[in-house]
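Look at the sequence and the model below. This report starts with a single residue and works out to the whole chain.

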Amino acid sequence: MLSPWSTQLLLLSSLLLLKAPGPSMSCLLSTETEDFIDWWQHAVFYQIYPRSFKDSNGDGIGDLQGIIAKLPYLAETGITATWLSPIFKSPMVDFGYDISDYMAIQTEYGSMSDLEQLVHEANSLGIKIILDFVPNHSSDQHEWFKKSAAREAGYEDFYVWSDGQLDEEGQRQVPNNWQSVFYGSAWEWHEQRQQYYLHQFTKEQPDLNFRNPAVVQAMDDVLLYWLNKGVAGFRIDAVNHLFESESLSDEPLSGKSDDPLSYDYTEHIHTKDLPEVLDMVQHWRQLLEDYTAKHPTGGTRIMMTEAYAGLRKLADYYEDENGKRGSHLPFNFNFISSVNSESDARDFVYNVEKWLIYMPRGHAANWVMGNHDNPRAATRFGADSVDAMNMLLMTLPGVAVTYNGEELGMQDNLEISWEETVDPPARNAGELDFKKVSRDPARTPFQWSDSKNAGFSSADKTWLPVHANYPDLNLESQKLANRSHYKVYKSLIQLRKLPVLRRGRFSIEPLSRAVFAFKRTLKDYNTLVTIINVSDKEQIVNLTDFINRPQQLIVEVAGVDSTYEPGQALSSSALAMAAHEGLICKLLET
């Protein structure tokens, strides 16, 4: 464990020695106040899963007009940036991650004019739109793949093809032992072309060949097309899968599984995290910077990247050892992959510190609490930890990423039956094991109210069943309640406007195995302290050593079930913290 002084990490903007605008924490920065932080560096990015957000036409599927109708909700909440899971034309084998036309809108979501309206109305409300970009693979229904399968001139090598190999009996076999992320061989025979093609996901998602300059140019054209539509950037899906070893060599066994069709069977040294991936990310960064320079009125166009990889590799996405910059925000999944309801305070502190240690100086940290591929935070950490986890997310330095519904504490719908299951890896796993891998429980419709289908749709049947708890857990009821997860979340977004959270120094410590605390400090402003009890028992906390000198705590934000109220004065030497409670307090000299 690193000593506390080694974690006194400074945000890039504070290095600019900007004079704070006033001595009182009540003086919030307005959106017009210049504090040398670019729009994205301290934003809350709100992920919308369009299929489940709001249905406007009664077909049981969320759509663009539904999102447009709810833009005032995002603005009222304080959201200034949202990224949409894929909305492009698709056969929907993997619900939009199998794209058949990168420059068209899936008809069940709406039209191009709907997208243009969405961008326009969002921008008028001060909300940036980020699109999901899926470059690793297309749908097998894409014209590119059809042309490649037919060996049409210019498209012969648009995808990764191989003759395979013959066994001792002369029978055709797959080229190697590579597996699909979604189970089974990563190779599929194509009868027309008489070759195998690579698919690291479903067989309907053939991998594009980024060693072909024509593919790179085609994808550049896609990015420029959507930038011209007014989007503020892209979240790049599965970016570390973009390149494969040209040798097509077998991957070494991992020892983690005895099933040769399981993705865990091998170490993916030939199909993930190849050095060429960074080159491509840096290429796209330059494209975005060039576009921003030519069109400065739209602000910085950004790139967020999804890669489940080691910290050293993720740090390189920010910038490589030569200082060449890549992704603005390589997603940090530590709160999803490295901590859970069994973690203690030391685990949380370690996972915060290690990201900040590996992140190169001069970049914005980011923290992802949930997404459409993993169980919801309320399910992972427990329903009574919702407020504490949002306090953690919102008061750390840098960018916060919220998955739609987690501001309400929505939970996974674990009662989805086999017959109702639609997620590809879950269907591949079969009826006995589908619940172990299904992502459907975290993708159920947004719970707007206690009306039919939680106010999501007027249809008799929605694409996934609404969680049965919606009569009690919904936005409308939380808006009316004296205290609610939504009201806590909204207050946290307002709190983030404080200069001390935008530009303040940061330090964090485990106070015990059960409780950790961190503080944000900035000259001329009151220090903010976040205290979180991750245990299932009440804890008496002494903060005196952590805050260095006797000071009074004044509650800024308390959770739904807390006995404390905002504005209440508390002792720093004997603070009672309920099980799974979080508190945010400011410090006053005594």
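## H270 and its neighbours

H270 touches W178, F243, E244, S245, S249, D250 and E251, leaving out residues up to four places away in sequence. Contact here means heavy atoms within 4.5 Å. H270 sits in the loop between β11 (233–236) and α6 (275–294). Helices and strands are DSSP runs, numbered from the N terminus: helices are H or I with at least four residues, strands are E with at least two.

Is H270 buried or exposed? Its relative accessible area is 15%, so H270 is buried. The cut-offs are under 20% for buried and over 50% for exposed, with partly exposed in between (1.4 Å probe, protein chains only). Now take L84: H270 and L84 are 186 residues apart in sequence and 31 Å apart in space, C-alpha to C-alpha.

## How to read the model

This is a predicted model: local features need pLDDT of at least 70, side-chain atom pairs count only at pLDDT 80 or more, and totals for chains, interfaces and linings use all residues. Residues are numbered from 1 along each chain as its sequence is written, and side-chain values use heavy atoms, with hydrogens and water left out.

S52 lies in the loop between β1 (44–48) and α1 (64–69). It counts as buried because its relative accessibility is 3%. Beyond its neighbours within four places in sequence, S52 is in contact with R443, T444, P445, F446, F456 and W463.

Q106 belongs to the loop between β4 (101–105) and α3 (112–124). Its relative accessible area is 9%, so Q106 is buried too. Its contacts, neighbours within four places in sequence aside, are I87, F88, K89, S90 and M92.

How many residues of helix α11 (residues 386–395) are buried? Ten of its ten residues are, so the helix is mostly covered. Among them are V386, D387, N390 and L392. An α-helix has 3.6 residues a turn, so residues three or four places apart point the same way.

V500 is found in helix α16 (residues 499–503). At 1% relative accessibility, V500 counts as buried. V500 and M369 are 131 residues apart in sequence and 22 Å apart in space, C-alpha to C-alpha.

## The nonpolar cores

A nonpolar core is a set of buried Ala, Val, Leu, Ile, Met, Phe, Trp, Tyr and Cys residues joined through side-chain atoms within 4.5 Å. The largest one has 124 residues. Which of them touch the most other members? They are F210, W226, F234, W284, L392 and F516.

L392 is in contact with F335, F348, M369, F516, F518 and I532, leaving aside its neighbours within four places in sequence. Another core lies apart, with 19 residues, including A514, V515, V541 and L570.

## The whole chain

The protein chain has 17 helices and 23 strands. Its C-alpha trace spans about 85 × 55 × 50 Å along the principal axes. A compact globule of 590 residues would have a radius of gyration near 25 Å; the chain has 24 Å, which agrees. That radius is taken over C-alpha atoms, and the globule rule is 2.2 Å times the number of residues to the power 0.38.

Of the 590 residues, 60% count as buried. Among contacts with a separation of 6 or more, 69% join residues 24 or more positions apart.
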